[in-house]
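I am opening my notebook on a structure that is new to me. I will write down what I look up, one entry at a time.

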Amino acid sequence: MSDPRTDKAPLLSVRDLTVQFPTRGGLLTAVDQVSFDLADGEVLGLVGESGAGKSMTGSAIIGLIEPPGRIGGGTIHLRGDRIDNLSPAEMRRVRGRKVGMVFQDPLTSLNPLFTIAEQLIETIQTHLGVSKKEARERAVALLDEVGIPAASRRIDDYPHQFSGGMRQRVVIALALAAEPDLVIADEPTTALDVSVQAQIIDVLKRLCSERNASVILITHDMGVIAETADRVAVLYAGRLAEIGPVRDVIQNAKHPYTEGLMGSIPSIKGTESRLVQIPGAMPRLTNIPTGCAFNPRCPKVFDRCEKERPALLREGQSEVACWLYDEERKEAVT
Amino acid sequence: MSDPLLQVKDLTRIFDVSKPWLNRVIERDEKQYLRAVDEVSFSINKGETFALVGESGSGKSTIAKMVVGLLAASGGEIVFDGQAINPADTKAMAAVRSRLQMIFQSPFASLNPRWKVKDIIAEPMVSFGLYGEGNARVKRVEELLELVGLSAADAAKFPHEFSGGQRQRIAIARALSSNPEFIVCDEPTSALDVSVQAQILNLMRDLQDELGLTYLFISHDLSVVRHMANRIGVLYLGALVENADAKELFLRPQHPYSKMLLDAVPDVEMTGRPRVELSGEIPNPITPPSGCPFHPRCSIMVDECKAKMPPSIETPIGEAKCFRPEFQL
């Protein structure tokens, strides 16, 4: 596998992205210098626990950070064009057209007062400028593709007439309506039952790979990531802890946090009597420890971790923000 | 160890979901009923963990509420250690209540935000009149806090000062304060992050070993259930379709729904196991399918399944309600 950065420009390039919220207690950093690239057709999983900055990273890319939050630093390039400093009007043209979004709760992302047809046709006409008749034909074809039975009839139904799984299919159709290059899916299956979750993941995967669209899949569920993603980025306290090919991260985690996280997942055929547990909890964003944010909970902590924030260090095919993988340290140990 | 502590027999709960009377008259509608729990039978031995799994709307939480007496059953019976659970019989319930406790899903909703932790944990002792004088209760609260991995100093704090995992520990301490033998855990970790979930699951297992507790564990997460339970009951639309030994169920599920549910679990180990294409969703429980409720989604359905509900039959690993269980194919 080649390094995506030595190839032609990646689809999405995020550099040192920082999202901040001014609060009474000072500036709160929800996303702290996160960098990653995304190639065409690639599925990147963003995982982490609540408050790790997963959704905030997604919102920053699509320009939906609610004030008073703001992008406090870094750049985001989509196909070589900078998109983090666009005006709201310019951003609206990117959103939907170039970047589609699937949110967690399908009921809140669909307007209950309009039929599915109205919502889909509006989206298609806004971005693709086709006639209403053609937009409707496209809408029916899309619904058919996402697996809604009798699409030509059901298109005139309202969101409440669909079940949760069917609604999420509609939202996927909506996100893909303008043929975007990138789809950001923020916990797309968290509100659904397991048997429906599997179907939705299959639909999302199939449609995006047919269109060669890249996906950023934000989830806390490692199982979903294992089945879907090509690469995974693990976030902790707003910082990137580890990023690498999915198999490496899941089966051979390098960062002690990722290792603990993987061990804490009960296995479906596990024989272990106890789960690995990481002591303590993720620090509050107002109170992030100096040095490595994970150092108070880390079983492999040493003095450098408390003083200096680790850089992203290359280790095999992954990049890890951990001093254990520093060349000097490795030499000292061996 | 094999005497059942809790026995549930043909437990049924029907909810009236009819429109108001005037609407029924004007729109000429019939009364509508929802069978949330349909003739469910199981028993739990002392010291064992029995888990109920199923998707939303399968009746898991309704069973939990009936078992602790928060909801009256429409039919069937629940016997706890020889004593029938019937919320209407207040005298008999008073005797048994302190022995049954419950841990709820959301530790944000289940703790009163205006109460200090010590009052929350002491409340069951107060209402059951345990640990008489003030000083004994304070000591007991401190003991319980340490037992669940918090510190005695936390007693003076309010719930908002704690994280989700710590709040669930407080909820566990409260459940333990009346010295119960049996705890109903309704999705105790589904509001928590995985690393915190691991801490809570480990704690619950340690407490079970230490105090000899019996759990009824309710979850939609099969991997959590696999980790916690000795026996598992699989619910579908209110019916207990399979009841089997936990380990065996994961190796050779007998009911096609159990099989489908296991297939749907994402594969974290990345073994690349082939996956059966899933289809359909849970039907509307107000108008359930005839016969076996699973037949419209079942891949091995025969005509008989449409006609009548299959009886419970013995399988090599437990029981299943199916005309064509795996071991007979």
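**Entry 1: Confidence**

I began with confidence, since this is a predicted model. For chain A I found a mean pLDDT of 88, with 96% of its residues at 70 or more. I then checked residues 1-6 of chain A, where pLDDT stays under 50. For that stretch the model has six contacts beyond four places in sequence.

**Entry 2: Chain A as a whole**

I looked up the secondary structure of chain A and noted 13 helices and twelve strands. Its radius of gyration is 21 Å, close to the 20 Å that the globule rule gives for 334 residues, so chain A is as compact as a globular protein of that length. Along the principal axes, I read a span of about 70 × 50 × 45 Å for the C-alpha trace of chain A. I also noted that 48% of the 334 residues in chain A are buried. Turning to contacts in chain A with a separation of 6 or more, I found that 64% of them are between residues 24 or more positions apart.

**Entry 3: A sheet in chain A**

One position I wrote down is Leu12(A), which stands opposite Leu38(A) in strand 2 of chain A.

**Entry 4: Helix 8 of chain A**

I checked the length of helix 8 (residues 194-210) of chain A. It has 17 residues, and at 1.5 Å a residue they should span 24 Å; the end C-alpha atoms are 24 Å apart, which agrees. Next I asked which residues of helix 8 of chain A are buried. Among them I listed Val194(A), Val196(A), Ala198(A), Ile200(A), Ile201(A), Leu204(A), Leu207(A) and Cys208(A). What covers the buried residues of this helix? From chain A, the cover includes helix 5 (132-145), helix 7 (164-176), strand 7 (182-186), strand 8 (214-219) and helix 9 (222-228). I was pleased to see that helix 10 of chain B is part of the cover too. After helix 8 of chain A comes Asn212(A), and I noted its positive phi, near 55°.

**Entry 5: A glycine in a loop**

Is Gly316(A) buried or exposed? I counted it as exposed because it has 12 C-beta neighbours inside 10 Å. Gly316(A) is in the loop between strand 11 (313-315) and strand 12 (318-320) of chain A. I also looked up Lys330(A), which is 14 residues from Gly316(A) along the chain, and their C-alpha atoms are separated by 14 Å.

**Entry 6: Where the chains touch**

I then turned to the contact between the two chains. It takes 31 residues from chain B and 36 residues from chain A. On the side of chain B that touches chain A, the elements giving two or more residues are helix 7 (194-211), helix 8 (222-228) and helix 10 (256-264) of chain B. Helix 7 of chain B gives the largest share of that side, eight residues. By class, I noted 15 nonpolar, ten polar and six charged residues on this side of chain B.

**Entry 7: Chain B as a whole**

For chain B I noted eleven helices and twelve strands. A compact globule of 329 residues would have a radius of gyration near 20 Å, and the 21 Å of chain B agrees with this. Its C-alpha atoms fill a box of roughly 70 × 60 × 40 Å along the principal axes. I found that 44% of the 329 residues of chain B count as buried.

**Entry 8: Strand 9 of chain B**

How many residues of strand 9 (residues 231-236) of chain B are buried? I noted six of its six. Arg231(B), Gly233(B) and Leu235(B) are on one side, and Ile232(B), Val234(B) and Tyr236(B) are on the other, with both faces covered. Strand 3 (residues 49-53) of chain B runs parallel to strand 9 of chain B, and four bridges join them. There I found Leu52(B) with Gly233(B) as its bridge partner. Strand 10 (residues 239-245) of chain B runs antiparallel to strand 9 of chain B, with six bridges. In this pair, Val234(B) stands opposite Glu242(B). Strands 9 and 10 of chain B form a hairpin with two residues between them, and I noted that Leu237(B) in the turn has a positive phi of about 45°.

Conventions. Residues numbered from 1 in each chain as written. Chains lettered and ligands numbered in written order. Predicted model: local features only at pLDDT ≥ 70, side-chain atom pairs only at ≥ 80, totals over all residues. pLDDT = per-residue confidence, 0-100. Contact = placed C-beta atoms within 7 Å. Nonpolar A, V, L, I, M, F, W, Y, C, P; charged D, E, K, R; others polar. Pairing = 2+ DSSP bridges. Rg over C-alpha atoms; globule rule 2.2 N^0.38 Å. Buried ≥ 20, exposed ≤ 12 C-beta atoms within 10 Å, placed from the backbone. Expected span 1.5 Å × (residues − 1).
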